[in-house]
Amino acid sequence: MIATKICKKVSGQNIKIGKSYTFYCKRKISEIINKYTIRATSFNSHTTKKKYYFKVTLKILLCDNIDYEATGRGKLPYEALNLAIINLSKI
């Protein structure tokens with residue numbers, strides 16, 4: 001998992017974020033951070049529900065004031081999160 005010094009935030013708009021989705025999101029993002037970088041200071045995951053799809057925006061902030069942002073859309077929030085993580089890993 002990610003070190004405790006990193007600020008982790010998972011939030012939602014128009015939906016209630018449960019414990020299992022929050023844990024899943026933190027675990028998947030921590031895998032990406034541990035794989036590609038060691039200098040991350042914080043990450044944010046924002047889930048939004050539109051009419052027919054979910055949109056997940058991921059933002060990772062590194063210690064040099066560099067941030068990476070990726071989005072994913074899907075019919076389920078888990079699917080949207082996985083697409084956003086794939087887009088983030090390509091960056």
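1. Let's start with the largest nonpolar core, which has 20 residues. A nonpolar core is a set of buried Ala, Val, Leu, Ile, Met, Phe, Trp, Tyr and Cys residues joined through side-chain atoms within 4.5 Å, where buried means under 20% relative accessible area, exposed over 50% and partly exposed in between (1.4 Å probe, protein chains only). Ile29, Val56, Leu58, Ile60 and Leu81 touch the most other members. H1, E2, E3 and H2 each give two or more residues to this core, and the largest share, six residues, comes from H1. Helices (H or I, at least four residues) and strands (E, at least two) are DSSP runs numbered from the N terminus. As background, nonpolar side chains tend to be buried together in soluble globular proteins.

2. A word on what you are looking at: this is a predicted model, in which local features need pLDDT of at least 70 and side-chain atom pairs count only at pLDDT 80 or more, while totals for chains, interfaces and linings use all residues. Residues are numbered from 1 along each chain as its sequence is written, and side-chain values use heavy atoms, leaving out hydrogens and water.

3. Now pick out Val56. Beyond its neighbours within four places in sequence, Val56 is in contact (heavy atoms within 4.5 Å) with residues including Tyr21, His46, Ala70, Pro77, Leu81 and Ala84.

4. Next, look at helix H2, residues 77-90. Which of its residues are buried? They are Pro77, Ala80, Leu81, Ala84, Ile85 and Leu88. These residues lie on the same side of H2, because they cover an arc of only 135 degrees around the axis (the arc is that of the directions from the helix axis to the C-beta atoms). Their cover includes H1, strand E2 (40-49), strand E3 (54-62) and strand E4 (67-74).

5. Helix H1 takes in residues 19-36. Among the buried residues of H1 are Tyr21, Tyr24, Cys25, Ile29 and Ile33.

6. How many salt bridges are there? The count is two, a salt bridge being a side-chain nitrogen of Lys or Arg within 4 Å of a carboxyl oxygen of Asp or Glu. One joins Glu31 and Arg27 (3.7 Å, N to O), which both lie in H1, four residues apart, about one turn of the helix. Glu31 is partly exposed at 40% relative accessible area, and Arg27 is partly exposed at 30%. Asp67 and Lys59 also meet in a salt bridge (3.8 Å, N to O).

How values were computed:
Expected span 1.5 Å × (residues − 1).
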